[in-house]
Amino acid sequence: GGRFGGALGEPHVPVPGHGTGLSRRTPGMARQGSGAMMASGGLGFPPQNLARVVVWEWLNEHGRWRPYSAAVCHHIENVLKEDARGSVVLGQVDVQLAPYIIDLQSMHQFRQDTGTMRPVRRNFYDPSSAPGKGIVWEWENDNSSWTPYDMDICITIQNAYEKQHPWLDLSSLGFCYLIYFSSMSQMNRQTQRKRRLRRRMDLAYPLTMGSIPKSQSWPVGASTGTPCSCPQCLLVNSTRAASNAILASQRRKLYPGAVRQSNTFAGAALWPVGTGTTAAVTGGTAKGEGLRAPSGAFAPSQSVPGGVPLPGLNNLNRPGTQRGAGLGARATVPPGVPALPVKNLNSTGPVHPALAGMTGILMCAAGLPVCLTRAPKPILHPPPVSKSDIKPVPGVNGICRKTKKKHLKKSKTPEDVVRRYIQKVKNPPDEDCTICMERLVTSSGYEGVLSHRGIKPELVGRLGKCGHMYHLLCLLAMYNNGNKDGSLQCPTCKAIYGEKTGTQPPGKMEFHLIPHSLPGYTDSKTIRIVYDIPTGIQGPEHPNPGKKFTARGFPRHCYLPDNEKGRKVLKLLIVAWDRRLIFTIGTSNTTGESDTVVWNEIHHKTEFGSNLTGHGYPDPNYLDNVLAELLAQGVSEATLKD
């Protein structure tokens, strides 16, 4: 599906490998940079009177802890000093993280628009390590943007770099990669594929000493200083007020005079013996087990007599089905306690979806019954269409395209291709070659690594259209590491020289007109595209030649409005299909499965009658966005005129 019309998703950082974790360090390896870690579900703290660098990290879908940036960590630490049980609005320091809030009480990151929660932790490292110096090591991903390494890998790379090791083996950290400092590259030991890496200076991570600040509960309606008026803070404050007001009201009804208002949010609501709490989320995965406890209210520092811990927000670090496991039988809602009816979590309800989601989660954590109505399901497909109603798309030839495995032409050598698009530079400027990171006035970092037929390592060339300069040997190495299809792409500005082709496996693309309208295009019929790719064996251009690849979710149905711009997009998608640019073989961002067919940066709308996933309509910017993505792949309107 496409990203247009939807949110960014979880803070997206691909992993450079699929290691199982840290293993024993091999002799000669740089020291790993691990430090004290917090216990699950609570804040960590360094040993007394010992300075440590603080790095906040979140757990991704692959089970790896990913670091927040130094600026974000400084922001979290500042909030922590004020209120150790408060919330951190990440959008205040990084606009790309606008949907995210960290709840310091439960140590979870919460995404406001979807309700997704991920554990976070407060980790500590030596002040002399990379984060203490503000040094960040990053690798270039498939989108040609830069991804920071996990912090333990970053520290290991920096240690080896400082000791002037020529290379570093990351196998001891669970990754089959070699780091070459001379060429600033990362090589996969299995596939021999190379990626660029870089070392950059950033803000140093925050320094702390001793224990964490004393915890405070969230006040109701209290304010220190001038409140922030940004949408995220307004949302958080309104959520806090709503949650506390409802919680206080319920407690007053059940236990008149027994509840201290100052602890309305720090503790938990406790039902009389013989009853329990229920968190009934009909649209979710499970109902919370009941928690049996004596009547009365306890301060947060107290525990229930008999050794049963008080159910508080820290229970959020376990799935709902585990929160009360073994503590009692399934409970019922106490008589007279109404569940909070929160409408479905899309924009059609009377409650703001993010406010509804946070209120429900916070009330559930506090022990109140919550009833969330089931969210509507996306409408992925149109009503059934008879064969007689399916028509060809006007102005588009045919209704089907098939691709077979194209064998690369051997007519032009890599040296011929590189020489075709560059002009030699006799007196290069004293600047970095952004491929090998060596100065242009010196030899290429690939000298001695790559066999070069008549290309001297000190030769520099300028690309014709964009004018960016590189060592010829570096351009040759980049070309040899790609699809070798006779085209070059400037690594700086992405200008394409020649006709770029991809690595899409063999398959079939069908397209036709159906007599139904998309949301936002009620006056137009709909173009339906059906992609079908079977499983097969990877070729020499794929990540693991000779290995089987899977093809999940095929045939895939995609939709465009039948108007002038929609038909233009279809024609360009047909060109992209013929050039094998629509799909590729890689690792799925959704499932984490490797060696599978995935979309290749040209987004499609796979939701016909709704836009609940962000991959549907209405989306007024989608057609312009996908035209820009096609252009980035070298597929433009000029292509249609040729």
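User: Why is E61 called partly exposed?

Analyst: The model is predicted: local features need pLDDT of at least 70 and side-chain atom pairs count only at pLDDT 80 or more, while totals for chains, interfaces and linings use all residues. Residues are numbered from 1 along each chain as its sequence is written, and side-chain values use heavy atoms, with hydrogens and water left out. Buried means under 20% relative accessible area, exposed over 50%, and partly exposed in between, with a 1.4 Å probe and protein chains only. E61 has a relative accessible area of 43%, so the label partly exposed applies.

User: Where does E61 lie, and with which residues is E61 in contact?

Analyst: E61 lies in the loop between β1 (51–59) and β2 (65–67); strands (E, at least two residues) and helices (H or I, at least four) are DSSP runs numbered from the N terminus. Contact means heavy atoms within 4.5 Å. Leaving aside neighbours within four places in sequence, E61 is in contact with R118 and N589. The C-alpha atoms of E61 and G592 are 7.7 Å apart, although the two residues are 531 apart in sequence.

User: What makes α3 largely enclosed by the rest of the structure?

Analyst: Ten of the twelve residues of α3 are buried, and therefore the helix is largely enclosed. Among the buried residues are M151, I153, I155 and I157, and also D152, Q158 and N159.

User: How does the reach of helix α3 (residues 151–162) stand against the expected value?

Analyst: The expected span is 1.5 Å times one less than the number of residues. Helix α3 has twelve residues and reaches 16 Å from its first C-alpha to its last, close to the 16 Å expected. Just after α3, Q164 takes a positive phi of about 60°.

User: Which residues have the most contacts inside the largest nonpolar core?

Analyst: A nonpolar core is a set of buried Ala, Val, Leu, Ile, Met, Phe, Trp, Tyr and Cys residues joined through side-chain atoms within 4.5 Å. The largest has 44 residues, and W56 and Y68 have the most contacts inside it. The elements giving two or more residues to this core include β1, α1 (70–82), β6 (117–125) and α3. Apart from this core lies another, of 40 residues, with I529, Y559, L581 and Y622 among them. Y68 touches W56, C73, I76, L90 and Y205, among others, not counting residues up to four places away in sequence.

User: Why does R580 count as buried, whereas S144 counts as partly exposed?

Analyst: R580 counts as buried because its relative accessibility is 4%. S144 counts as partly exposed because its value is 32%. R580 is found in the loop between α8 (564–578) and β28 (583–586), and S144 in the loop between β7 and β8 (146–148). Phi is near 65° for R580, a positive value in a residue other than glycine; phi of S144 is likewise positive, near 65°. Most residues other than glycine have a negative phi, and most peptide bonds are trans.
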